Amino acid sequence: MTEVRGRRVVAMVLTHNAPKSLVRCIEAICSQDERPEGLVVVDNASDPPVEAASIDAPGLAVRVLRSETNVGPAGGWALALRDFLDSEFTHAWLMDDDIVADPDCLATLWDAASDDPSSAFVVPISIQPDGTVGRYGSWCGFLIAREIVEVVGLPMAELFWWAEDTEYCHWRIPQAGFPRRVIDTAVVHHDAIRQGGDLPAWKYYYEARNMLYYHLYVMHKTGRYPRNVSRLVGRALFKQRTDRARCLAAVARGLHDGFGGHLGIRYPVTPLHERNVERGGPLVGAGPDGARRKAG
């Protein structure tokens, strides 16, 4: 891609305790019609750690950037983009470890971005396990220019989990004058390895807190917040099979901290693990981790 386009693209993957998913993700990166020049795997406190020597990515310059503590997607992507700014790459292709890109995805994104490379913020569509199509600028394989990150800064690491992508991709970048462009012909598949089953209580806390913080301190309007928090409470009451009282208490604590603007890792977090996935088929197995949804 560098020789053809005159630009330097690095693929960046954030991973946490998902070795099988990481292999699928990297295999898809290596199978691109137009490959990136480098690959950076941001290891968010996986146990065991991800080792660069174990990554099979022939022809790519590979590095592992490790955090010894789980700083969540917010902290992980802040680390990744800080590393990007310290590199010589001009564009970053960002994705979580459960994203599998079609072979022409990066080339299609670059074709869309090449009319104005320094303002490139192009997003593929994301096919979910149930066949629905996501069109949001989350950590699902979007391509972004260095100039944008230099202007808007890094994701809010203190959000830890939930709404950090909404604040960064749906609010801060567009507010800075860089429109988010969804490219329907660029496709990734979201394996959703952490969906299904009960939500752990800590997810109720961070979702309630960060949603309220986002609406009060970022958007400065309530928007859909009342409806979203009602759905969260409804899930704790009617869909949660265990720990309902604890989950409701986590929501209440999250609302308190969100109203007061108290961010950071303030609620104990349990490690997450991938579920088994049959490529091209349904999710199988069981696990305690819930779906990651948008906080609009």
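Strand β6 (residues 121-127) pairs with strand β8 in the antiparallel sense over two bridges; two strands count as paired if DSSP finds at least two bridges between them. Within this pairing, Phe121 has Ile144 of β8 as its bridge partner. Strands and helices are DSSP runs numbered from the N terminus, with at least two residues (E) for a strand and at least four (H or I) for a helix. The model is a predicted one, in which local features need pLDDT of at least 70 and side-chain atom pairs count only at pLDDT 80 or more, while totals for chains, interfaces and linings use all residues. Residues are numbered from 1 along each chain as its sequence is written, and side-chain values use heavy atoms, with hydrogens and water left out.

Strand β8 also has a partner in β4 (residues 91-96): the two run antiparallel and are joined by five bridges. Here Trp93 stands opposite Leu143 of β8. Six of the six residues of β8 are buried, so this strand is largely enclosed by the rest of the structure. Buried means under 20% relative accessible area, exposed means over 50%, and partly exposed lies in between (1.4 Å probe, protein chains only).

Aromatic rings come next. The structure holds twelve aromatic pairs. Rings of Phe, Tyr and Trp (its six-membered ring) pair if their centres lie within 6.5 Å; planes under 30 degrees apart count as stacked, over 60 as edge-to-face and the rest as tilted. One of the pairs, Trp77 with Trp139, is stacked, at 5.0 Å centre to centre and 20° between the planes. Trp77 belongs to helix α3 (residues 72-85) and Trp139 to the loop between β7 (133-134) and β8 (140-145), so their pairing ties together parts that are 62 residues apart in sequence. Trp77 is buried at a relative accessible area of 0%, and Trp139 is buried at 0% as well.

Trp161 and Trp162 have ring centres 5.0 Å apart and planes at 45°, so they form a tilted pair. Trp161 is buried at 5% relative accessibility, and Trp162 is buried at 1%. Both belong to a cluster in which ring pairs link Phe160, Trp161, Trp162, Trp202, Tyr205, Tyr206 and Tyr267.

Charged side chains meet rings too. Arg253 lies over the face of Tyr205, a member of that cluster, at 5.5 Å from the ring centre. Likewise, the charged end of Arg146 sits over the ring of Phe84, 5.4 Å from its centre. A charge sits over a ring if NZ of Lys or CZ of Arg is within 6 Å of the ring centre and within 35 degrees of the ring normal.
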